Amino acid sequence: MSAPEPYVRPLDFKRGRVDLNHGAGGRAAAQLIRELFAAAFDNEWLRQGDDGARLPLPAGECVMATDAHVVTPLFFPGGDIGCLAVHGTVNDVAVMGARPLYLAASFILEEGYPLAELRRIVASMARAAREAGVAIVTGDTKVVEQGKGDGVFITTTGVGVIAPGAPRPAGHRARPGDRIYVSGCIGDHGVAILSTRESLGFETAVQSDTAALHGLVAELLAAVPQTAVLRDPTRGGLATTLNEIAAQSGVGMRLREADIPLRPQVAAACELLGLDPLYVANEGKLVAICPAEHGARLLAALRAHPLGADAACIGEVVADEHGFVEMETRFGGRRVVDWLSGEQLPRIC
Amino acid sequence: MKYIDEFRDGALAQQLAARLAAEAEPRREYRFMEFCGGHTHAISRYGVADLLPANVRMIHGPGCPVCVLPIGRVDLAIRLALEHGVTLCTYGDTLRVPASDQLSLLKAKARGADIRMVYSAADALKLAQAQPERQLVFLAIGFETTTPPTALVVREAARLGLTNFSVLCCHVLTPPAIRHILDAAGDEAQATAAIDGFVGPAHVSIVIGSDPYARFAAAYRKPVVIAGFEPLDVLQAILMLVRQINDGRAEVENEFTRAVTPAGNLHAQALMDEVFALRESFEWRGLGELPLSALRLSDRYAAFDAERRFALQYTPVADHKLCECGAILRGIKRPQDCRIFGTVCTPESPVGSCMVSSEGACAAHYTYGRFRDAGARAA
């Protein structure tokens, strides 16, 4: 018989704050892990309490992706850093054609951050992971001194599996003649975040589109296994993602501005801020490219899913040694849709 | 978006393009300068050039406030932030303007300077109130458009008796710059592009009105059409310029009647007169020293002049040897004529200021138009 566990005063989730002890690897750290992370993420692998997780993998090719999340503010219309940290990595795994299975999560907490808010973030993360069907199987927590962090940074790493014989969409597979699709309105996440920044002080009804796309991807690939490229246009927006694909595939693209789905509120906010929505971040959108003959089926598959209801064909892949992504403007002219250079800064007049 | 989409209508654009094609006389060359960076941006972003006949060419003018800001002025701001330890606030694009020692405000920020991007002068004032223990300097740049808001906050700072707020005033004036371009055109020593007419400023003209352009039009026999910043505005203004040339007229016409009046915004003008005074001379990037072309704080508000408060001495700094921004701002070269365009000088690492703001001729061409340089290709 082992001695009974000594009494430990539970963490004060009402008024308590993160302190340096929580990252020191001692009793306080163990308590934070036990009462917060392990309680929220609970699964058989985490319960083993080892330094890493030993995981069963179904047959197929293993896919791994990682993503660091440093969003400000931590809570924004439509989500928070917790669910974002799950969706971001789940989506990176999913667009490879893999079924996401496991996540590792690493937290960098700033000394003084309220435990109550940390608990909200962790709960949101746990809910997002449950909904995405992934288990958070291992993790790490470090605490940095006040002023050296921004509340909470979360890095997640995801593991998934592509079943044998399943489609393997990849950035280098776009070919001239292929059609380009986007799964819905662009720019929602970026505008939702910007609308909360204090110096702007305007309110929009725009919610972040943060969502796990694995379900949409699975249905899409089942319907159109010929899908050549899948990618989620996050930071840098649609324009950056298309330029990446054009460079990887050694092709150019022709887009039609009038066909790119965009909410009027997002268009208006971008107009006000001097931003181009093509460069504004998304967190729950897909870019899909497939040969023209399968296009109609791909669009139907996208639109059949709630996350793809506003999907549209926005252009086509062309042969172009310069790799230019060009756009026919609504106005009837043409322009380059270039890589984003630096951070998008507002113009002044 | 109501009141915006109407001015970007593709069908109307085609009709205007057809009129232009019908009315531009094939034996003539039409060279028009759009003074404002806002027009440069609109022309590039909407592909307006694609709708113009081949003999109608747009020359990008110097009306991008970021592009005409000389290195020495940015150096002053950087010195304030790094050496005097002030909080320096300015508008977004200004952060990237290349300065001396491979620095820019953005790079100075990475070295620990407290530099903030603001959307309005009022935000800078608010920040000064929120941190009374720190000196805050607002780097004020821009033409007559951004000048009245600066005047307002200076007056407000005086009313509040703020002692930690000051302005590094780099506001410049449109008419002297246009006069310089026209004078230089008649001066062999200062090659400037031959210009047949001007697309006149939009927002600047809301403040100063359309009257100030009448003198240029008459004295230099150059038509001016004031235009809004939407692409249909620009196309319509170009059509009006073509008609003036065809008729042998050189008048000031106003396409932007929904916002611009002959006298302009008298209230804003009075405010500017109260808070600012003319500088005897001011260095413009690309254009050099221009007399009576910029503003400083008036004696009444001298207490809020950062140059006086911190005893700053302006030192001019020459542009990079290979940079053609000067010639480009005067309209004698196109961005693609510059040897370092798109190679050494890109939006990621701009050498010259025209590559900084998307209103700058080089950045606009690089970002939106450089596929045209790759040679004519099947559409």
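This is a predicted model: local features need pLDDT of at least 70, side-chain atom pairs count only at pLDDT 80 or more; totals for chains, interfaces and linings use all residues.
Trainee: What makes β11 (residues 281-284) and β12 (residues 288-291) of chain B count as a strand pair?

Mentor: Two strands pair if DSSP finds at least two bridges between them. β11(B) and β12(B) are joined in the antiparallel sense over four bridges, so they pass that test.

Trainee: Now the helices. How do you know the relative direction of α2 (residues 37-45) and α14 (residues 361-369) of chain B?

Mentor: Their axes come within 9 Å and cross at roughly 15°. That makes α2(B) roughly parallel to α14(B), because angles under 35 degrees count as roughly parallel, over 145 as roughly antiparallel, 65 to 115 as roughly perpendicular and the rest as oblique. The axes are lines fitted to C-alpha atoms, for helices over the stretch in contact, with angles from 0 to 180 degrees between N-to-C directions.

Trainee: Which residues of α2(B) and α14(B) meet?

Mentor: From α2(B) come Thr40(B), His41(B), Ser44(B) and Arg45(B), and they meet Ala361(B), Ala364(B), His365(B), Tyr368(B) and Gly369(B) of α14(B). Sorted by class, this contact holds three nonpolar, five polar and one charged residues. Residues are in contact if their C-beta atoms, placed from the backbone, lie within 7 Å. Ala, Val, Leu, Ile, Met, Phe, Trp, Tyr, Cys and Pro count as nonpolar, Asp, Glu, Lys and Arg as charged, and the others, Gly among them, as polar.

Trainee: What about α1 (residues 10-23) and α10 (residues 231-247) of chain B: how do their axes lie?

Mentor: Those axes come within 10 Å and cross at roughly 15°. That makes α1(B) roughly parallel to α10(B). Here the crossing is left-handed. Among the residues making the contact are Leu12(B), Leu16(B) and Leu20(B) of α1(B), with Leu235(B), Leu239(B) and Val242(B) of α10(B). By class, it has ten nonpolar, two polar and three charged residues.

Trainee: Why is the four-strand sheet of chain B called parallel, and what is its strand order?

Mentor: The pairing is parallel, and the order in this open sheet is β4-β3-β5-β6. β4 (114-117) and β6 (165-171) of chain B are edge strands, because each pairs on one side only. From one strand to the next, the twist averages 20°. Seven bridges join β5 (residues 136-142) to β6(B), and Leu139(B) has Leu168(B) as its partner in β6(B). Helix α3 (residues 71-82) of chain B packs on the sheet, touching β3, β4, β5 and β6, and its direction makes about 165° with that of β6(B). Helix α6 (residues 147-160) of chain B touches β5 and β6, at about 160° to β6(B).

Trainee: How many residues does each chain give to the contact between chain A and chain B?

Mentor: Chain A gives 25 residues and chain B gives 41. On the chain A side, α8 (264-273) and β13 (334-336) are the elements that give two or more residues. α8(A) gives the most, with four residues. By class, that side has eleven nonpolar, seven polar and seven charged residues.

Trainee: What makes β8 (229-231) and β13 of chain A edge strands?

Mentor: They belong to an open sheet of seven strands in the order β8-β10-β7-β11-β9-β12-β13, with mixed pairing. Each of the two pairs on one side only. The twist averages 25° from one strand to the next.

Technical notes. Residues are numbered from 1 along each chain as its sequence is written. Chains are lettered from A and ligands numbered from 1 in the order in which they are written. Two residues are in contact if their C-beta atoms, placed from the backbone, lie within 7 Å. A crossing is left-handed if the near helix is turned anticlockwise from the far one by less than a right angle, and right-handed if clockwise.
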